[in-house]
Amino acid sequence: MRKFIGFDIGGTHIKHGLITEEGEELSSDEYDTHYDPDALKKAWQEAVERYQQNDDIAGIGVSFPGYINPNTGHVPKAGALTFLDGCNLLELFGELTSLPVTVENDANCAALGEMWRGAGQRYDSFICMTIGTGIGGGLILNRELLRGAHFRAGEFGVIPVGDNGENMHQIASARGLVEASRQALSLPSDA
């Protein structure tokens, strides 16, 4: 039975776990997202090495915010992780391990997961919307992931919805709602 490491890199936390190819979760953990590239890489590599101590790992899957070309690894816009805008994720993570690495947009991964093992199993087409530090979406059409010509299909967070042109990330994400509440309650920015 082959085992894989999965990483869900978000703007607040990085969740990771070990799963079988059948989708059975064997273990999981998380740590805070580092906004320093060296700290981000070091924490990621340490997590991979911990899994490799006890298991024979076949590969690593990384879900990541932003517009990602999963074929080349290029990420022109890395969501909340703006310090990684323009980088190549396959190169970034590939230099930290000898294991094969696959990268995909986080909301696309959520949609694929729902189609494989979750609420989307019974449907040929559906929308999966993710709400966290940012807002994303994955589109499944006839049991196929729809990425779009520029890998931006389902990126609902950039849609302008506010009175002054604010996008969904700014208004309706967890971060946006906390900021709006802070302002409405006249709390200091460090509260």
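**Figure 1. Salt bridges in the predicted model.** Across the whole of this predicted structure, a search identifies six salt bridges. Side chains of opposite charge can pair when their charged atoms come close. Three of these pairs are described in the views that follow, including the one between Glu 95 and Lys 41.

**Figure 2. The salt bridge between Glu 95 and Lys 41.** The two side chains meet at a distance of 3.5 Å, N to O. Are the two partners buried or exposed? Glu 95 counts as exposed because its relative accessibility is 56%. Lys 41 has a relative accessible area of 18%, so this residue is buried.

Figure 3. Lys 42 counts as exposed, at 52% relative accessibility. Glu 46, at 34%, counts as partly exposed.

**Figure 4. The salt bridge between Glu 104 and Arg 147.** In this view, the side chains of Glu 104 and Arg 147 meet at 2.5 Å, N to O. The pair joins distant parts of the chain, 43 residues apart: Glu 104 lies in strand β7, and Arg 147 in the loop between β10 (144–146) and α4 (168–172). Glu 104 has a relative accessibility of 6% and therefore counts as buried. Arg 147 is partly exposed, with a relative accessible area of 30%.

**Figure 5. The open sheet formed by β8, β9 and β10.** Strands of a sheet pair through backbone hydrogen bonds, either parallel or antiparallel. Here three strands are arranged in the order β8-β9-β10, with antiparallel pairing. Strands β8 (126–131) and β10 are the edge strands, each of which pairs on one side only. On average, neighbouring strands of the sheet are turned by 30 degrees against each other, direction ignored.

Figure 6. How many bridges join β8 to strand β9 (residues 135–141)? There are six, and the two strands run antiparallel. Among the paired residues is Thr 130, whose bridge partner in β9 is Gly 136. Helix α3 (residues 106–117) packs on the sheet and touches β8, β9 and β10. The direction of helix α3 makes about 45 degrees with that of β9.

Technical notes:
Residues numbered from 1 in each chain as written. Predicted model: local features only at pLDDT ≥ 70, side-chain atom pairs only at ≥ 80, totals over all residues. Heavy atoms only, no water. Salt bridge = Lys/Arg side-chain N within 4 Å of Asp/Glu carboxyl O. Buried < 20%, exposed > 50% of the residue type's maximum accessible area, 1.4 Å probe, protein only. Helix = DSSP H or I, 4+ residues; strand = E, 2+ residues; numbered from the N terminus. Pairing = 2+ DSSP bridges. Axes fitted to C-alpha atoms, helices over the stretch in contact; angles between N-to-C directions. Contact = heavy atoms within 4.5 Å.
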